[in-house]
Amino acid sequence: MKNIVYKLLIVLTVIGLSACDDNEAPVFIAAPSGEGITFTNTFASEYLLSEATEDNIADRFIWGEADFGTETNITYELQGSIDPTFAAFEQIGSTSENNLPVLVSQLLSFAEQLGLDDDPATTQPDSDLPNNTGQVYFRLRAYLGSGAANTEEIFSDIQSINIHWIETVAVGGSCDSLFAVGAGLADLGWNFTNEGEVLCENDILQIKARFTNDKFRLFTEFGVWDTSYGFNYYTDEGYTIDALLVDSNVYDAGDGDDNFWFDGDAGIYTMVIDNVNKTIVLTPSGSLWAVGGAVPGGWAFNDDTVELVEATPDVWSASITLSNEIFRFFQTFNVWDTNNNYTYYEDEGFTIDSNFEINADDGDANFRFIGAPGTYTLTINAVDKTITLE
């Protein structure tokens, strides 16, 4: 009997020690870095909004890599809110990359939630001030796993941005073209060219060009150097000028010609001079993305999705492998509501290659490729209004 009790005590002691060891064993949990994640892009002092530019990218949010102490897939979720406490918020988008675009239309949605509008007749409550400006807040969430409860996650600091909904006033009359000249317009330089013409419609002038960090100015007469309009001309006239355009004297103290200086990331931009609302706005251009069963990457945005790059203003091109299926184009990577389908280009007056046809007369109106499967150079030329395959 004593032997039985002794053996039983040994068993219980071993079990107890084993349980103690289990409780005190290290638990390896992917812990995020104490430094968190931070936005790295430079935010504008104010974002100008209008319904006419709602499909444009307002800004591209960029951030550093999150550190969870383990090599695994990380999902980034950009959140926006009109509430600085984020008691309620909207998901702008999610990605495994380190950037996401925010569209003008998304900022307009927040503007409406704030009660803002573009009507000059309306004012702030209990004030005579216009109700077309406000603040929107953004933060970034990085997480591992499915995003459900107990998911490891970290958040960035909250970033506020100022929005300004441009008020709409009575449409003005016609105006003459201007001519853009200068080294800040990389493809134009200090020469008067047809490509430098800034066309006008209803007192709104517009040009799409490749901008680089240098100076330029505008002229009222082709080839006549003493008819120029520069940065200070427009500020003296009361214009609100995009933050990417500054007085050239900031970088060239000896400049006595009243030039603009482009102070942003080199690339293709659309410059709009609104003589009605007295604004000058720059909007960056971007790629187009082919998505669908006929193209690499399929019906998803991924590493195989074909990017059509805008190598010259209003001309997008890429090498693409096509099969006899359907697809369409999107203006923003991983954003499904910016699609350019067959009907879109048809309504814009494009001549479309005969190897494409409309898939169905439905809401999607996709392209269907009916040619010989293979690899082609696909070009969308918005200058000549053609879509071609070679």
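Predicted model: local features only at pLDDT ≥ 70, side-chain atom pairs only at ≥ 80, totals over all residues.

Residues are numbered from 1 along each chain as its sequence is written, and side-chain values use heavy atoms, without hydrogens and water.

The chain contains four helices and 28 strands, taken as DSSP runs (helices H or I, at least four residues; strands E, at least two) numbered from the N terminus. Of its 390 residues, 40% are buried, meaning under 20% relative accessible area, with exposed over 50% and partly exposed in between (1.4 Å probe, protein chains only). Of the contacts (heavy atoms within 4.5 Å) between residues at least 6 apart in sequence, 63% join residues at least 24 apart.

Helix H2 spans residues 104–113, and its buried residues include Val-104, Leu-107, Leu-108 and Phe-110. Glu-112 also lies in H2, but this residue counts as exposed because its relative accessibility is 51%. After H2 comes Gly-115, with a positive phi near 85°.

Most residues other than glycine have a negative phi.

| Residue | Phi | Loop between |
|---|---|---|
| Asp-314 | about 70° | S20 (306–312) and S21 (315–322) |
| Ala-365 | about 45° | S25 (356–358) and S26 (367–369) |

Asp-314 is partly exposed because its relative accessibility is 23%. Ala-365, at 3% relative accessibility, is therefore buried.
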